[in-house]
Amino acid sequence: MSGRNVGDVEPALPYGGDGLDWALLAALSDARGVSGDEGRVRDIVAAAVAPHVDELWTDAIGNLYARKRGDRVAAVATTDLRGVGRPDAGANEPGSPAARSSEPAVPPLMVCAHLDEVGLMVVDIDGDGMARLAAVGGVLGAAVVGQRVRIGADGVVGVVGLPPAHATTDAVRARLPALEELRIDLGVTTRDAALALVQPGDGAIWDTATVDLGPTLLGKAMDDRAGCWALAMLLRSRYPMDIVGVFSVQEEAGTRGAGPAAHRLAPSAAFVLECGTTDDTPKDRDDTPVMRVGDGPAITVMDSSMVADVRLVRHLVATAEREAIRHQIRAPKGGGTDGGKIHLARRGVPTAVVSAPCRYLHGPQALVSKHDLAGMVALVRAALESWSPDIVAPIPFDRPGSPHSLNREVAP
Amino acid sequence: MTAAGDLSVDSIRFAALDGPTGAEGVVADALSAALAPFVDRVGRDALGNVIAYRRARIGNATGAGLSTAFGPDVVAAPRLLIVAPLDEPSMIVARIDPGGFLRFRPIGPAAGIDVRAWLGQPVTVHGRRPLAGAIGTRPPHVLELAVRDVTPEIDALFVDVGLGEADVRAAVAIGDTVTLRRPPERMAGGRLTGKAAAGGSLLAALVEIARRLAGAPHPCDFVLAGTAQGAFGHRGAAALGGALAADASDAARTLAVVLGMASAGQRGVDSTIALGAGPTIVRGPNVHPRLHGALIATAKRHEIPYQLEAAPGMTRTSASVLQVAGAGLACAVVQVPARYGGTAVETVAEVDVARLARLVAAFAAGLDGEIVAALQPALIAVGSTAADDRAAGKVTS
Amino acid sequence: MNPQTASASPSTVANAPSAPLLDALVTFTAAWGPSGREGAVRDAIIAWLAAHAPTVDIVRIDALGNLFTRVGAAGEAAAGAAAGVPADDRTAPGRPARILIAAHMDEIGVIATHVDATGFVRCSAVGGVPIADLVGCRVRFESGLEGVIDAEAIARKAAAGQTATLDMLYIDVGAPDRAACPVRVGDAAAYAGGLVWQDGGRRAMAHNMDNRAGCAALAEALRRAAAAPGAAEVWGVFTVQEEIGLRGARTAGFDVPCDVAIAVDITGAGDLPGAAPLALALGGGAAVKISDGGMISHRGVVGWLERLAADGHIPVQPEVLPGGTTDAAALQLTGAGVPAGAVSIPTRHAHRPGQVIDLGDLEAAAALLAATRIGPSGEAWYTPQD
């Protein structure tokens, strides 16, 4: 049960929060970018990080990569992470030696946030000009009835109607409709007129403008524009080793972009910046809130997609305690992130997830706390600044025959 | 060997073959033989995929003239992968009961199987020799009223091959596969119906595409593949994608066109997609938007009728695994509209198959620098701030 | 005295498993290790190999916690043989065949999500625990602390006729309140249990035959292979996190390019009252997997394993499993695809606190796995890409 709300937290932002660009977060949350249609969001992110990074590129699925070279790692020739311009005659056929992957000389650290948001897609137009819709990612009918949406590249206005209360019965009002039953009203009356405005395949998303409430922000796509924003803030600093910030696509459609990105980069470790669901509002069972808004960034030990690398978890917790950053442990209940695919890329990547707590996820009005967001940036920045490859050194063991003294400290 | 351009005959030939999931050998052999005259080499991999390669031909030289075709920045030939599935819905013998009745299970996950599609169907059991049999239905005389309209559980069904138990045990082993015994047949309206009408047509289309591509110079490499275990999580395609996209530079120059089957409007399916109105070109997260646009442009340029299909999630084709294999592949999906897909009465319009083959062949032949460049990892201009470097005490790289 | 632990211990039974194999079963079932927390199981395996098979090369532990071990092919140079990642690819001429055999170390369990004000622990599932049947199960945390799972009585009544859900469950460790409860959020627990012998030592029951029986079979197979190497190089990989999505196998397969991949795991049994049609029985021998809910074995591998069994007089039975899968499903899709199969130990009551196997089947599995060191050379299907 939450006995404290965000208003009770001290309003001033510790951890040097004054340098944070809240306007960018609002712009990111407002941008329309349903899974598979992230272009507009990618453009805003690219423009925001371009002045601060050494290399910026995209791949065939739409991920955006931002590379920041390290300042303590000796300048060695690194292979082309983008993977272009290498003529490999005979590399057509699988199994040929040239087709075997070659890995970068200096594996970078990967820090990942996803560009896409859940939303809707126009799948067909009825004869009366009303558009049928389907969910892209986890969206329920409850979050869509009575909402205004914007459709396609031009943001055409549509409404998902709800009859006036006096025209319905109790029985009808007691039932939340399934998405398949709903229609978007575009304001036209024929199929042809509708097709002049929208096309099957167009994305549709809630028409929400972010509101800054003081200690908190209310917007439609905090999941995961908050993570993208935090990554953009992190890319303004320089770190001891190479970092590649990955702004991934299609996380909400099945964590699709991050896997190929991790395969391409073969990072030595990965941090995923997410926006996590909370269950910290009043309820009648003494059960876990998963995480709480106002208690700081949440560190994952395990979720449904991944067991977090215990060495990275220890490093994050130690960093938080050393820097006096309020933090929490995310309860291992449900939830999956890009980490689920990243940690299984190639030979395996030690991976951790840091989440900003968010209320009312996957809906038109999601709430986050500036204190938590500032804490997330401060924590991950400090963790990267104090990074050492020894943190993910191979787990030791004893060869047969030698004295038995297995190092239990680092064994998961 | 059929005469050039006889797509319709090939459709019937492939649709008549039995390709149970995981044991597609017969279909794989037929596809290999049909593709062989048009490609440089064709082989099989560990999962049973048929993989055929054709190197770029520009003029009379192989591989030369890339910069002319694609612009100065392209140093490796683009590679176009065109895939269609080899297998059909199938069952596997799980147990031989007293009396010689064969208990069976779906190959792969049981979720999503419609038992009604197998009830009362003639089947083939692929034992030591192919055996004809049937999955019986209990007549109304012996069924209680309450259960007459309840679909039985799959565990309650069995295949009867009409032989004594000893003969059955001599001819059939646990693990043998079972397919529907309903070869293709033409119907009114230019339709083709049969247990693999759509699947067989797609394989025939693949051969037709190969035939057309071989008839003219082309600046990109082609990989044409029949993928195994399509009905089982696209496991064959996952392995193929893992091979083609293992290396980031290989993945960057590869794009995939995946052939599939779209559910047309029919009783129980509310869709505006229609048989005879042309292949569908899919749009959604599983498809690279540039490829979708290029296919539509190709269709318009060559006046090929097509239909738009929106897919909010992953398509049911192997594009769902190819897109995220290895370092990731750009995918497009083109489908033949079908009714009653996955059943013994699967039906397609032959004209749609012909249009699909024309569309994909025209797209492949017309692959140009603009599309290819759009798929390369695109570099964006950057610049480190002086402030960062001062703060870090670092000399800029 | 428990009649099941009476003098008819397994070693007195004819055609019994070897003493090291039984020791492996006893030791490994005693180790605690739900998915993601396999350290103690891995330690037990390393200690057993040190004691019984010191010439098996323990190569490394990878980022996820998989344990890689290796037995070289007969006649290969001792020093300088690959102690790290195999650098060559499969097409190098004259290279011995490489068999990869995987057994997962982890077991299913639960993980604490919350300790409520009165000291009861709420939890999530780790792997495929049968949630509806957890009520009354005793579970054990890493420290040895034991508790029992129960469900909210009111919620259970309301849901009468429907399956119980995780929300209703809680673990009682006997703590009076939250402050006195030793369990922390993130602590995992597995079934409490222990190994007992049954049927005069011919059968055995434990809470984690899935997959400590498989680990025992693999460890024993490595011991036999090390004692008499064959033409093929054998990698024994003890994987992590199989129960939560074959995760260790995915990365392990990438790390060791091989010619054949085999998983050893448990499978179901159809010789139970009211069982679904399943032609698998205890005592029928090791099961050679044809297909399961996640994979179709390479037919050539199936045939090869059946021929090895016939040549070695090892009892086997064919396996078509409707649901569930093994590490082989992940190994099969590594890289460009790998011919894969599986050897399974028929088990009754899998994923429950008391799992029963036949020790003759366990011995057959170990023997069949050991026989794979002969290698697939000469088999028609065993050729690199066309």
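Predicted model: local features only at pLDDT ≥ 70, side-chain atom pairs only at ≥ 80, totals over all residues.
Chain B is split into two domains. Domain 1 covers residues 7-88 + 195-375. Domain 2 covers residues 91-180. The centres of the two domains, taken over C-alpha atoms, are 34 Å apart. Contact between them involves 13 residues of domain 1 and nine residues of domain 2. On the domain 1 side, the residues touching domain 2 comprise five nonpolar, five polar and three charged residues.

Strand β18 of chain B spans residues 330-339. Ten of its ten residues are buried, so the strand is largely enclosed by the rest of the structure. The burial holds on both faces. One face carries B:Ala330, B:Ala332, B:Val334, B:Val336 and B:Ala338. B:Cys331, B:Val333, B:Gln335, B:Pro337 and B:Arg339 point the other way.

β18(B) pairs with strand β15 of chain B (residues 254-263) in the parallel sense, over nine bridges. Within this pairing, B:Ala330 is the bridge partner of B:Leu255. Strand β16 of chain B (residues 280-283) runs antiparallel to β18(B), and two bridges join them. B:Arg339 has B:Thr347 as its bridge partner in β19(B).

Technical notes: Residues numbered from 1 in each chain as written. Chains lettered and ligands numbered in written order. Domains from an automatic or database assignment. Contact = placed C-beta atoms within 7 Å. Nonpolar A, V, L, I, M, F, W, Y, C, P; charged D, E, K, R; others polar. Buried ≥ 20, exposed ≤ 12 C-beta atoms within 10 Å, placed from the backbone. Helix = DSSP H or I, 4+ residues; strand = E, 2+ residues; numbered from the N terminus. Pairing = 2+ DSSP bridges.
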